[in-house]
Amino acid sequence: MILWATLGRRLVTAVPILCVVSVLLFTALRVLPVDPAAMSMPPNATKEEIEAARREMGLDRPLPEQYGLWLGRAMRGDFGRSIHHRRDAGALVRETLPGTIELALAAMAVSSVLGLGGGLLLFGLRERTMEPVAETVTTLMMSVPEFLWALLFIFVFGVALQAMPFTGRLDPGMKLPGLTGFLVLDAVLTGRLDILWSALVHLVLPAVALGLAFAPPIMRVLRASLIDTYHEDYIRQARLRGVSEGRILIRHALKNAVLPTLTLMGVQFGFLFGGSLLVEVIYSYPGMGNLMVDAVRNADLPIIQVVGLTYCVVVLVINSVVDGLYLVLNPRLRPR
Amino acid sequence: MIAPLRSARVVAGLLIVLLMLVCALGAPWLASHDPDEQDLVAMLLPAVWQQGGDWAHLLGTDGLGRDVASRLLYGARVAMLVAGTASLGAAVVGASLAYVAGYLGGWVDWVIGRAIDVWMSFPPVILSLILMTGLGTGARNVILAIVLVDWTRFCRVLRAEVIVTAHRDYVTAARLSGFSHVRTVLREIVPATVPLLVTVLTLEMGIAVVVEAILSFVGLGVKSSQIAWGQMIADGRDAVYQAPLALLAPVGAIFLAVAGFNLLGDGLRRSLDVRMVEGRE
């Protein structure tokens with residue numbers, strides 16, 4: 001119950017943020033030195049034709065009025081037409097968003113497993129001779145951003161070993177079932193094991209590249225908060241009662257130590273979603289990141305606007321969910 | 001001043017950063033070739049230690065016959081320029097706002113806090129791409145975009161520190177002895193936050209190198225006439241089978257630069273004993 005109340009409260013505070021973001025985005029993109037009307041016309045269009053297109057697109061009206069018009073249409077799910085693709089911008093996002101979410105979820109799983117596992121490993125090595133080595137390794141790992149991992153993986157597993165595919169979401173020639181857009185889910189629903197396998201294999205390199213870049217901070221925070229937790233009296237009490245070390249770690253210490261880690265993971269996952277953009281570009285993965293980069297290259301304003309807003313919505317949702325989880329795991333925050 | 005130098009990380013980081021600076025400043029003298037010179041007879045040459053390598057091109061040549069080593073040296077110029085100025089800019093903006101918000105509190109703090117919320121609801125990569133669409137390509141605009149995106153990193157971390165410091169007794173004492181608000185902040189609060197500021201600044205330089213590389217990689221960074229590591233990666237990707245070094249060399253350069261700044265920042269954090277939020281965010 002209380003979980004839903006928190007989630008609800010968070011989502012309500014997210015609405016004003018979203019409004020401010022949409023205003024900023026709109027204004028920023030309208031003061032650009034590019035003319036969307038001229039760009040949407042063939043190059044041999046006359047001045048009058050461009051002027052007519054400007055009027056039709058509402059670009060001759062004052063900025064607040066333009067925003068009002070845009071907001072009214074956006075509320076009804078109409079985000080305008082892509083200038084470059086000449087298609088409904090909202091539909092393009094609906095097609096590409098599931099791919100990006102699938103990649104981001106896989107990467108989150110990778111970074112959670114690596115981050116928590118690595119954190120436990122680092123904690124296990126505390127005050128051992130290996131500790132400085134392990135810490136330097138994590139610092140160096142933190143110096144490899146996701147797009148460098150992505151390029152290195154292509155080079156090692158794709159080009160040198162030729163072990164893994166590194167373009168797109170499926171083998172060429174395979175048809176998408178096209179139910180939800182989530183390939184793994186669609187493949188399971190339609191019982192197509194060949195598509196499931198192909199989708200999973202295509203997901204491995206991008207997801208590991210993206211997940212690996214976000215794992216080291218999680219490792220460090222988990223290690224630091226485990227060390228803090230082990231200074232607490234209740235841990236010593238448990239030891240005096242003869243509780244085994246493994247049980248102390250898992251049943252007593254980890255429960256508390258994982259809380260700060262969770263906060264960090266919430267922030268990280270928002271950034272991970274942004275990082276997926278580069279990974280998508282490098283792996284020619286048909287998702288929202290590729291759509292965005294294409295739109296930016298072509299100054300395709302309606303697309304930039306709706307994709308920008310979608311990223312913002314995703315981040316706000318992730319933050320709300322993390323807050324809710326935090327409440328579930330931390331009884332001290334619950335009202336009596 | 002000396003204490004941080006006892007840390008192996010600080011020394012290693014400093015050495016790497018110095019090496020990068022020497023490469024950047026000395027590029028015109030160190031480079032064996034004009035980085036833009038195309039030698040269409042010597043396209044996609046391998047490195048000197050590989051079969052068919054040539055001492056004239058230590059790291060081989062790229063798809064247009066340009067010398068990879070020379071381009072790498074010139075690429076360091078943009079990377080170091082952006083790393084230095086963009087992170088200083090972000091530090092000035094973010095720290096000033098943090099001092100104002102943390103010291104004054106009240107509605108000023110509220111407004112700055114909400115601004116951070118709005119900024120944080122955007123993944124930084126997306127925000128910088130949108131800004132670059134508006135600003136257009138060029139090193140100066142890359143710097144501006146990084147300042148506009150990353151000021152929040154400084155503001156968030158420093159604001160908390162300023163609030164703690166502002167409640168210390170010695171700050172109250174300064175006020176009671178007749179210091180003005182401005183003087184109290186400048187003389188009592190700012191010095192207390194310098195170790196944290198320096199640490200965040202160093203880590204930010206590594207982030208700036210990455211952001212510049214990302215923007216140049218997607219073609220929205222520096223002008224195409226300028227040489228940048230991100231651009232070299234984008235070019236090298238097309239010929240990865242024939243000349244892998246044209247791709248791997250800039251990848252290595254970015255890693256080395258970022259590792260230098262990270263080692264330095266990490267070492268400073270330990271030896272200056274500053275608490276801060278973890279993470280390359």
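Read along the sequence, chain B follows the pattern α-α-α-α-α-α-α-α-α, and its secondary structure amounts to nine helices and zero strands, where helices (H or I, at least four residues) and strands (E, at least two) are DSSP runs numbered from the N terminus. The structure is a predicted model, in which local features need pLDDT of at least 70 and side-chain atom pairs count only at pLDDT 80 or more, whereas totals for chains, interfaces and linings use all residues. Residues are numbered from 1 along each chain as its sequence is written, chains are lettered from A and ligands numbered from 1 in the order in which they are written, and side-chain values use heavy atoms, with hydrogens and water left out.

Taken along the principal axes, the C-alpha atoms of chain B fill a box of roughly 75 × 45 × 30 Å, and those of chain A fill a box of roughly 85 × 55 × 40 Å. Chain A comprises 13 helices and zero strands. Within chain A, the axes of α9(A) and α11(A), as lines fitted to C-alpha atoms over the stretch in contact, come within 7 Å and cross at roughly 145 degrees, the angle being taken between N-to-C directions on a scale from 0 to 180 degrees. The contact of α9(A) with α11(A) contains 21 nonpolar, seven polar and one charged residues; here Ala, Val, Leu, Ile, Met, Phe, Trp, Tyr, Cys and Pro count as nonpolar, Asp, Glu, Lys and Arg as charged, and the others, Gly among them, as polar.

Between the two chains, 51 residues of chain A are in contact (heavy atoms within 4.5 Å) with 41 residues of chain B. Together chain A and chain B bury about 4,100 Å², 77% of it on carbon and sulfur atoms, buried area being the accessible area (1.4 Å probe) that two parts lose on being put together, summed over both. Three salt bridges are counted between chain A and chain B, a salt bridge being a side-chain nitrogen of Lys or Arg within 4 Å of a carboxyl oxygen of Asp or Glu. B:Arg9 forms a salt bridge with A:Glu135, with the closest N and O atoms 3.7 Å apart. On the side of chain A that touches chain B, the elements that each supply at least two residues include α1 (2-30), α6 (131-142) and α9 (193-230), while α11(A) gives the most, with 10 residues. By class, this side of chain A has 39 nonpolar, eight polar and four charged residues.

Over all chains, the count comes to 18 salt bridges. Side chains of opposite charge can pair when their charged atoms come close. The side chains of A:Glu135 and A:Arg223 meet in a salt bridge at 3.1 Å, N to O, and this pair links distant parts of the chain, with A:Glu135 in helix α6 of chain A and A:Arg223 in helix α9 of chain A, 88 residues apart.
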